Amino acid sequence: MKINGIGASNGIAVGKVLLLKEAKIKISDNKIAEKDIASEIKRFDKAILETKNDLNELIVKTQKKLGSEHAEIFEAHLSILKDPELSNQIKDLITNEKFNVVKAVDVTCNNFYQLFSALEDEYLRERAADILDIKTKIINQLLGIKDNALSDIKQEVVIVANDLTPSQTSQLDPKFVKGFLCNIGGRTSHSAIMARSLGIPAVVGLKDITTKVKDKTNIALNGNSGEVEFDLADEKVTVWKEQEKKWINLKTELLSFKGKKTITKDGYEFKLEANVGSVRDLDSALENDAHGIGLFRTEFLYMENDNFPTETEQFTEYKTVLKTMSKFKVVIRTLDIGGDKKLTYWDLPHEMNPFLGYRAIRLCLDQKDVFKTQIRALLQASTSGNLAIMFPMVATVEEFKEAKDFVLKCKAELIKEGKKVSDNILIGMMIEVPASAVNAEIFAKYADFFSIGTNDLIQYTLAADRMSEKVSYLYQPYHPAVLRLIKMTIDGAKAHAKKIPVGMCGEMAGDKIAIPLLVGMGLDEFSMSASDILAARKLINSLNKKDMELLVAEALKCDSHDEVKALVTKKLGNLLD
Ligand code: PEP
Ligand code: MG
C-alpha cells in the first residue's frame, strides 16, 4: 500500500514500525471545593517549577546534541511557561470556576492552541504544537506520568505517531530511529527541522497513518518525495533496502565534502551559496556549508504579513540574516513582487501579461514610498555584516542608475539623521531579461556584480510562461539560446576592466547537467537550495575546467536542449550520479 505525505526530512528508510500510542489521559471534570483552592494552586506551582527544571535539563542536553539553535525551542517553551498570561488564566479557572488543576491546564492550553492554529502565518501556526508539548509536560508532572522514553529505543525502527513533539524528537537516536512518520505537521514544524538536523528521514502530514499500519510490520519512506509504502512483502523490502543503501552511501560521501573547498581538479575555485526566503532557512544554509547567501528573496517577508512590513520589522529581519552569516557576503534582493507573486493588501492593476508587466524594480521605482522603507531598513542593517543589494528584473541602464541613485540618496538622508551605514555595500543586479544579458558589458560599467536569474531568463528567452502547464515543454534550461545568453553575461562582465563577479541564483545553478557548462563558462558563484550544495561541490570537484570549456564549445554547436542534455550526460557519465 502506498500513500503520500509531506517530505519533511530528506532520505530513505526502511524498517519495522514502532507505533507510538498516545497515553490516553482521562481528564476529570470534577469541580473542587472552595477549601481546596489553595492546595490546588500549590500543586500547579509545584508542577510548573518541576517542568521548568526538566526544561532546563533538556536545554543543556539539546545544546550538546543538536546545537544551541535547536535548544532555543525549549527556551521558548520556558518563556511560555513563565508567561503570566498562561498561569493567570489557569489560576483564574481554579479560583473562580473551581476547575481542578488538570482540567484548568487542559482548557487554558487548548485555548492558546486554538488561537495559534487559527493564525495565517504558517510558521506561527505550527508553534501551536509547542503549546501542546508544554501542556503534556505540565499534566504529566501533575499526574506523575513518565514521558514516552524515546531515548531508550535500542532497536532499529521507523516511528509512526500522531505527532512528535520537539521534546520527543530531540531524544531520538539516529542510530536506531531510521525514520519517522506523523499524521500531522508540516515542513517548518520544529520536529521536521530537528529531524533534518539529526539526519533522520521523515514524512509528515499523513493524516491517518497511525490507523493504517500495524506495529512491527515492514514500512518504507522517502523523505524527499513524501512517499510511504507499508505492509511490504519481502521482495519489496529488498528493493527499498537497495535504495536506502545508495542513499546512505551518498549521504556519507556528501558529508565528507563539508568544510572542503569547491575547486576543480585543475585548481579553479568556485563559491557555493544558498538561496533563502527567511531567517528560518539560515540553519540549513550553515549546516550545508553555504559560503554566503546568493539570494535572499525579501518578498516572502511581505507575503507572510497582511500589511507592508515596517522599516523596523524589515531592519530586524535583515540584521538577523547579516549577523548570522557575518563571515560571508549576503545578497539581499529588493522587493520582487508582481507576476505570480501578489500581495493581498496591495491593489495593483490587472494586466494581460503580468510577467511582462508592472513588477519588481519597475514597480518599486514607480512607488518610491514602498521602496524607500525597504532601502532604509537594508542600509541601517548593513553595519551588521557584509551586505550586497540586488535589484530584480532590470532591463535598462536607466532603471539601474535610478535605483542605485535612490539607494545613495537614502544613505545620505540616514547619515544626516545620525544613523550608521556601511561604506562597503555592493550594489548589483539580476540578469533575467534577455536585453540585460545581451548588454552585460554595458551594465558592467555601473553594477558591482551580476546574478543570473535563469528562472525568468528562460521564460523570457523562449517566450514560455513559467507557470503554464501547456507550454512547459518549451521551458528549456539547456536550450543553446539560453546558454548563449548566460555566456554573453559572463563574458560581458569580464570584458569590462572591473571584471565584476557573476553569480547565478536561478534553479539552474544547482542543476547537475548545467553545472559543468557553467564551470566551463567561468561563472564565479552558484547560489542554490541549501540541500543541493554538497552534491554540487562533489560534482565540481570531480571536473576539469579546461575540459568543461571544450564541452561548452560543443554544447553551443548543438541544435537543441535535448541534444545538449544528451551531450553532457554522455561526456560526464556517472560523475552526474
Ligand atoms: C530567477 O528568476 O531566476 C530568480 C531567482 O528569481 P525568482 O525565481 O524569485 O523569480
Ligand atoms: Mg526572477
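This is a predicted model: local features need pLDDT of at least 70, side-chain atom pairs count only at pLDDT 80 or more; totals for chains, interfaces and linings use all residues.

**Exercise 1.** Find E299, then work out where it sits, whether it is buried or exposed, and which residues it touches.

*Solution.* 
- Step 1: Look for helix α12, which covers residues 299–303; E299 belongs to it.
- Step 2: Check the accessible area. E299 has a relative value of 0%, and buried means under 20%, so E299 counts as buried.
- Step 3: Zoom in on R333. Its side chain and that of E299 are joined by a polar contact of 2.5 Å.
- Step 4: Now zoom out to F44, which is 255 residues from E299 along the chain. The C-alpha atoms of these two residues are 45 Å apart.

**Exercise 2.** Is S278 buried or exposed, and what does it touch?

*Solution.* 
- Step 1: Go to the loop that runs between β9 (271–276) and α11 (282–287); that's where S278 is.
- Step 2: The relative accessible area of S278 is 7%. The cut-off for buried is under 20%, so S278 is buried.
- Step 3: Leave out residues up to four places away in sequence, and S278 touches F296 and E317.

**Exercise 3.** Start at Y302 and follow the aromatic pairs through F308.

*Solution.* 
- Step 1: Begin with the total: the structure has eight aromatic pairs.
- Step 2: One of them is Y302 with F308, an edge-to-face pair with 6.5 Å between centres and 80° between planes.
- Step 3: Compare how exposed the two are. Y302 is buried at 1% relative accessibility, while F308 is partly exposed at 28%.
- Step 4: Carry on from F308 to W346. This pair is edge-to-face too, at 5.1 Å centre to centre and 80° between the planes.
- Step 5: Ask what this second pair connects. F308 is in the loop between α12 and α13 (311–324), and W346 is in the loop between β11 (329–333) and α14 (360–366), so the pair ties together parts 38 residues apart in sequence.
- Step 6: W346 itself is buried, at 11% relative accessibility.

**Exercise 4.** Which rings do the charged ends of K329 and K545 sit over?

*Solution.* 
- Step 1: For K329, the ring belongs to F449, with the charged end 5.6 Å from the ring centre.
- Step 2: For K545, look at Y268; here the charged end is 4.8 Å from the ring centre.

Key:
Residues are numbered from 1 along each chain as its sequence is written. Chains are lettered from A and ligands numbered from 1 in the order in which they are written. Side-chain values use heavy atoms; hydrogens and water are left out. Helices (H or I, at least four residues) and strands (E, at least two) are DSSP runs, numbered from the N terminus. Buried means under 20% relative accessible area, exposed over 50%, partly exposed in between (1.4 Å probe, protein chains only). A polar contact is a pair of N or O atoms within 3.5 Å; within protein, one must be able to donate a hydrogen and the other to accept it, and residues adjacent in sequence count only if both atoms are side-chain atoms. Contact means heavy atoms within 4.5 Å. Rings of Phe, Tyr and Trp (its six-membered ring) pair if their centres lie within 6.5 Å; planes under 30 degrees apart count as stacked, over 60 as edge-to-face and the rest as tilted. A charge sits over a ring if NZ of Lys or CZ of Arg is within 6 Å of the ring centre and within 35 degrees of the ring normal.
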